[in-house]
Amino acid sequence: MATQTSTSAADSFYKQLGRMYGIYTGGFVAFVLFLAILEQVGVPNKILGYFFVFFTLAVYAIIGVATRTAQLSEYYVAGRRVPAFYNGMATGADWMSAASFVGMAGSLFLLGYDGLAWVLGWTGGFVLVSILVGPYLRKFGAYTVPDFLSFRYGGNFARFLGVIVLVCCSFTYVTAQIYGTGLIASRFLGMQFEIAVFAGLVGILLCAMLGGMRAVTWTQIAQYIVLIVAYLTPIVILSMQHYKIPIPELTYGRAIAEITAREQELVQTGLATLCTAANCGPATLKPHIQPFLNYTPLNYFGIIFCMMVGTASLPHILMRYFTTPSVKEARDSVAWSLLFIFLLYFSAPAYAAFSKLEVYTNIIGRDLTQIRPWLFNWGELGLIQICGKNATNLDTVIAACKAIAGHPGVLRFQDFVINTDVIVLSTPEIAGLPYVISGLVAAGGLAAALSTADGLLLAIANALSHDIYYKMLDPKAPTIRRLTVARVLLFFVAVASAALAATRPSDILAMVGWAFSLAMAGNFPAIVLGIWWKRATTAGAICGIAAGWGICLFYLVCSRYFPQAGVAYFGMTSLLNPETGQALVNVGQVLADPKWLADVPASAANPLANKVGWFDLNNINCGLLGMPLGFLVIYVVSLLGKEPSKEMQSLIDEIRKPRGRTVLDEKTN
Amino acid sequence: MFMHLGVWVFFGYIIHMFVKQLNAFTVPILGFPLGFYMAAQGSLIVFVVMLFMFARQQNQIDRDHGYAEDQ
């Protein structure tokens with residue numbers, strides 16, 4: 001295969017890649033500078049917002065159209081010739097979603113040290129991908145993760161379960177992305193949230209429908225560049241302003257020291273109440289660096305574990321390692337992915353620290369009349385509340401605070417409630433940076449949400465068209481019909497998840513956390529034992545997937561949507577406050593209220609939603625129930641049955657050796 | 001491989017169980033409390049370096065045993 005001509009053609013293709021993306025990055029920077037000039041000459045903010053959103057969308061769509069394909073291996077695995085470095089970048093964009101970009105720094109802002117569970121979980125997982133899973137699946141040579149399950153556990157039933165798990169976790173995940181795009185579009189284009197959700201959907205479909213893995217790969221690289229520039233710019237500027245060193249990761253230690261000092265000051269002047277063992281409610285101040293005030297150690301380490309193992313089980317991530325030219329490149333590519341992801345993740349705590357410092361000094365402790373007008377843009381969306389009311393304008397705020405007995409007229413810590421998903425998007429405004437930076441951040445958030453949504457929708461569409469339609473329903477279907485089926489199904493899946501997003505199931509981070517737990521409970525035991533334990537049998541895998549994934553999904557749905565039934569029939573109790581050990585909600589009292597008792601399925605406002613469970617386990621960590629059960633069931637059921645055929649066992653040996661053709665090729669040719 | 005998984009467990013979990021004790025120390029110059037720093041940056045850097053090392057070592061093992069792919 002590797003003749004002289006094809007290698008040299010490939011070489012020039014890769015050289016060109018570097019040049020193309022170099023020009024692209026330069027063009028993007030020039031575009032931002034151009035808009036900065038426009039702002040200086042007085043072009044209104046709203047126009048700048050439109051420029052950012054539509055220009056970047058147009059670029060992604062152009063790349064998507066230019067690289068579209070109808071050839072099968074290009075459509076499913078980008079022809080298996082994406083170099084490790086670029087695949088790393090594409091995986092970075094695929095990986096970093098609205099949760100990383102928009103949600104994570106916000107959670108770090110709110111949770112302080114406890115939020116670092118997410119940072120750790122979402123980076124450490126790649127160690128598992130590289131050691132246990134990624135390169136072996138590449139050697140196997142599948143198009144999709146259910147492909148592997150079906151082959152290893154012979155038969156379409158395992159494939160079918162694999163598809164269900166894949167669709168279920170990708171669907172949850174994509175809902176969070178659409179919610180994120182809706183949030184950005186509603187703020188920067190001035191639309192109503194419910195409409196903006198569907199507008200975001202159009203943007204996502206535009207990119208994903210067009211051209212399969214090949215188009216998504218090259219688009220994702222472009223999106224990575226936008227999102228990393230957008231994420232780092234504001235904090236580099238802030239670091240420069242405050243400490244004269246443009247490397248925020250080095251300087252934010254001092255910001256944290258200042259936050260700690262300011263926290264003590266707020267408590268001493270009576271502007272905040274400190275979280276203590278006697279009272280640690282939502283309105284109390286929890287020091288930024290003090291651990292385990294928001295999550296119990298069980299939930300903290302549970303999140304780290306679930307996110308790590310979830311990383312190694314998410315089909316849309318594993319799928320990316322099917323596109324590299326070789327097993328070696330797959331391995332290198334995991335390392336590159338983590339490096340690109342690391343760039344954002346080790347900056348996120350800096351983001352949180354800088355914006356927290358700004359909020360503590362420029363908002364809290366200021367006179368009510370000094371509230372700056374940008375706050376009201378978010379207040380109108382219901383995302384910033386002051387004195388218990390949405391901060392829509394100055395008069396509302398003053399009236400709301402006057403209504404509180406003994407209010408001092410300056411903003412206190414407990415008066416100011418900001419939705420965590422707003423922090424990143426509003427930090428440029430909090431710090432008083434030019435609007436062009438806000439627009440840049442919005443474009444970055446959009447790139448993050450779009451790139452992940454593209455990857456997810458592609459994974460769903462591939463599973464439905466390749467695994468269900470082609471492999472199970474109509475094995476003779478021509479390529480064109482398979483791809484058309486994929487696109488039609490894609491459309492319906494996307495509309496359904498937009499409808500779900502419009503109901504605001506939870507914040508972005510929690511929704512994404514659910515997806516990880518579901519993937520982990522369903523896929524991890526079957527994939528890992530499939531590669532590493534020759535004795536694992538078909539019956540074992542089927543029972544294991546069903547049991548692990550089933551219990552996780554049950555725990556999740558029950559505690560989020562049917563907490564009343566969870567308490568009444570399944571022995572769930574209120575989660576506990578990590579510091580005081582008291583129940584978060586008084587379950588008996590809520591259930592005595594007919595309004596909440598009849599609230600089925602539970603709305604977001606229901607005090608029991610997400611607040612009940614077993615063993616004080618947050619429902620984000622439902623994988624912690626599902627995965628061990630999955631392993632146990634596969635182990636027991638496999639030992640009860642007959643061992644897999646000799647032929648299968650030797651194929652599993654084959655997966656572990658990089659040399660030679662992919663296992664699937666040998667089998668089918 | 002098991003050594004790498006061991007390093008992963010240590011920096012992913014064990015070290016963070018002692019965050020309260022580690023916070024008593026401060027990282028020189030940068031000014032972070034050590035426990036916070038390990039979760040925010042230290043462990044992450046270890047993961048990245050470790051993955052590049054793992055890829056190199058594993059590729060070397062494949063070459064030594066004659067299982068490497070043809071270039």
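**Loop residues and chain shapes**

Colleague: Let us start with A:Phe615: is this residue buried or exposed?

Modeller: A:Phe615 is exposed, because its relative accessible area is 64%. The cut-offs are under 20% for buried and over 50% for exposed, with partly exposed in between, using a 1.4 Å probe and protein chains only. Please note that this is a predicted model, in which local features need pLDDT of at least 70, side-chain atom pairs count only at pLDDT 80 or more, and totals for chains, interfaces and linings use all residues. Residues are numbered from 1 along each chain as written, chains are lettered from A and ligands numbered from 1 in the order written, and side-chain values use heavy atoms, without hydrogens and water.

Colleague: Where is A:Phe615 found in chain A?

Modeller: A:Phe615 is in the loop that runs between β5 (612-613) and α25 (623-640). Helices (H or I, at least four residues) and strands (E, at least two) are DSSP runs, numbered from the N terminus.

Colleague: What about the phi of A:Phe615?

Modeller: The phi of A:Phe615 is positive, about 50°, although the residue is not a glycine. For context, most residues other than glycine have a negative phi.

Colleague: And what is the phi of A:Asp616?

Modeller: A:Asp616 also is not a glycine, and its phi is positive at about 60°. This residue too lies in the loop between β5 and α25 of chain A.

Colleague: Why does A:Asp616 count as buried?

Modeller: A:Asp616 counts as buried because its relative accessibility is 17%.

Colleague: Changing topic to A:Phe292: where is that one found?

Modeller: A:Phe292 sits in a loop of chain A, between α10 (248-268) and α11 (297-311). With a relative accessible area of 11%, A:Phe292 is buried.

Colleague: Which residues does A:Phe292 touch?

Modeller: Leaving out residues up to four places away in sequence, A:Phe292 touches A:Asp114, A:Pro297, A:Tyr300, A:Phe301, A:Pro578 and A:Glu579 in chain A, together with B:His16, B:Val19 and B:Lys20 in chain B. Contact here means heavy atoms within 4.5 Å.

Colleague: How many residues along the chain separate A:Phe292 and A:Glu579?

Modeller: The two are 287 residues apart along the chain, while their C-alpha atoms are separated by 7.4 Å.

Colleague: Now the chains themselves. How many helices and strands has chain A?

Modeller: Chain A has 27 helices and 5 strands. Of its 669 residues, 61% are buried. Among chain A contacts with a separation of 6 or more, residues 24 or more positions apart account for 82%.

Colleague: What radius of gyration does chain B have?

Modeller: Chain B has 17 Å, whereas a compact globule of 71 residues would be near 11 Å. Along the principal axes, its C-alpha atoms fill a box of roughly 50 × 25 × 15 Å.

Colleague: Which elements make up chain B, from the N terminus on?

Modeller: The order is α-α-α, with 3 helices and 0 strands. Buried residues make up 51% of chain B. Of the chain B contacts between residues at least 6 apart in sequence, 37% join residues at least 24 apart.

Definitions and conventions: Rg over C-alpha atoms; globule rule 2.2 N^0.38 Å.
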